[in-house]
Amino acid sequence: MKIAFIGLGNMGAPMARNLLKNGHGLNVFDLSRDAVQSLVDAGATASASPKAAAAEVELVITMLPAAAHVRSVLTADDGVLAGIARGVTIVDSSTIDPASAQAFAKLAAERGNPFVDAPVSGGTGGAAAGTLTFMVGASAAACEQLKPVLSAMGKNIVHCGDTGMGQVAKLCNNLLLGITMAGVAEAMSLGAALGIDPKVLAGIVNTSTGRCWSSDTYNPFPGIIETAPSSRGYTGGFGTDLMLKDLGLAADAAKSAKQPIYLGALAQQLYQTMSQHGGGGLDFSAVIKLYRDEGAKR
Ligand code: NAD
């Protein structure tokens with residue numbers, strides 16, 4: 001299939017590579033020349049604009065930082081909607097708010113193009129391995145149609161409901177992730193301060209009721225899990241500022257639903273403090289520094 005892929009960052013680049021590996025033809029566009037060049041080296045064709053990328057393809061995929069970027073890539077004079085043929089589907093895998101996804105779907109529908117929200121979980125590791133989970137907001141039929149191509153990038157393709165419901169699933173998951181990571185950081189730091197070997201504590205947690213992905217796969221305490229960002233100076237992985245963005249999306253959505261998110265609001269403040277102290281580019285598990293740095297001062 002001929003596909004336009006726009007947004008070749010930490011997630012988009014490995015996802016695009018997996019499409020190439022599966023035999024799809026790719027037109028690529030990103031503001032970063034280096035990002036484009038690395039995909040061209042892998043066999044993709046560079047496009048001069050989103051409009052040019054979207055011309056003569058059967059599917060458009062966007063993987064951008066936030067809703068403002070998606071809006072501009074879709075609606076600018078040289079944007080996707082200016083170049084795409086009628087009937088071609090646009091899949092947005094960025095994490096954005098459900099209301100924006102629904103608004104983009106309306107805009108695209110006016111031009112005769114289906115718009116599908118399909119945010120992902122699984123991180124950069126899952127993107128590289130092609131094992132992402134796609135949370136799809138679309139009709140059941142549209143989701144079925146997309147399965148073969150999404151399967152080149154992910155192993156779980158889940159239909160979550162109509163447009164916007166993929167984003168609802170994603171923001172609820174990340175709300176929980178932000179909270180559990182802060183919880184594991186708190187418990188690990190307390191244990192270390194009280195003198196237990198952090199490896200022993202992690203082993204107990206991971207075979208007990210405190211076990212979760214933040215403890216057994218991505219533990220924030222350095223040296224517990226070799227493959228986790230905590231064991232390489234909190235580099236790579238899922239940036240604190242991106243987590244902060246997702247908690248902001250959850251807070252906005254909660255406000256619109258008049259639904260309280262007590263722990264989410266507290267977690268948002270923790271990651272905000274991290275960001276304010278210059279840690280916005282570090283993996284979000286670096287939230288443990290708030291506990292451990294403070295502990296060291298005492
Ligand atoms: P990133 O910042 O690494 O990449 C974004 C890319 O978009 C960059 O290459 C940037 O140059 C490009 N870009 C920005 N504006 C553009 C424009 N107008 N036109 C073309 N290209 C443009 O971000 P990422 O980590 O790849 O995340 C992308 C999305 O996926 C975000 O919404 C994020 O929340 C979500 N996400 C990230 C992870 C993760 O672990 N990093 C996991 C799941 C979901």
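## Two helices side by side

Let's start with a pair of helices: H6 and H9 run roughly antiparallel to each other, because angles over 145 degrees count that way and theirs is about 160°. Keep in mind that this is a predicted model. Helix H6 covers residues 98-110 and helix H9 covers residues 165-194, and their axes sit 8 Å apart. As for handedness, H6 and H9 make a right-handed crossing.

Which residues make the contact? From H6 come Pro98, Ala101 and Gln102, while H9 brings in Met165, Gln167, Val168 and Leu171. Sort the residues of this H6–H9 contact by type and you get five nonpolar, two polar and no charged.

## Rings that meet

Now for the aromatic side chains. The model has five aromatic pairs. One of them joins Phe238 and Phe284 in an edge-to-face arrangement, with 5.6 Å centre to centre and 70° between the planes.

Is Phe284 buried or exposed? Phe284 counts as buried, because its relative accessibility is 1% and the cut-off for buried is under 20%.

Terms used
Residues are numbered from 1 along each chain as its sequence is written. This is a predicted model: local features need pLDDT of at least 70, side-chain atom pairs count only at pLDDT 80 or more; totals for chains, interfaces and linings use all residues. Side-chain values use heavy atoms; hydrogens and water are left out. Rings of Phe, Tyr and Trp (its six-membered ring) pair if their centres lie within 6.5 Å; planes under 30 degrees apart count as stacked, over 60 as edge-to-face and the rest as tilted. Buried means under 20% relative accessible area, exposed over 50%, partly exposed in between (1.4 Å probe, protein chains only). Axes are lines fitted to C-alpha atoms, for helices over the stretch in contact, and angles run from 0 to 180 degrees between N-to-C directions. Helices (H or I, at least four residues) and strands (E, at least two) are DSSP runs, numbered from the N terminus. Angles under 35 degrees count as roughly parallel, over 145 as roughly antiparallel, 65 to 115 as roughly perpendicular and the rest as oblique. A crossing is left-handed if the near helix is turned anticlockwise from the far one by less than a right angle, and right-handed if clockwise. Contact means heavy atoms within 4.5 Å. Ala, Val, Leu, Ile, Met, Phe, Trp, Tyr, Cys and Pro count as nonpolar, Asp, Glu, Lys and Arg as charged, and the others, Gly among them, as polar.
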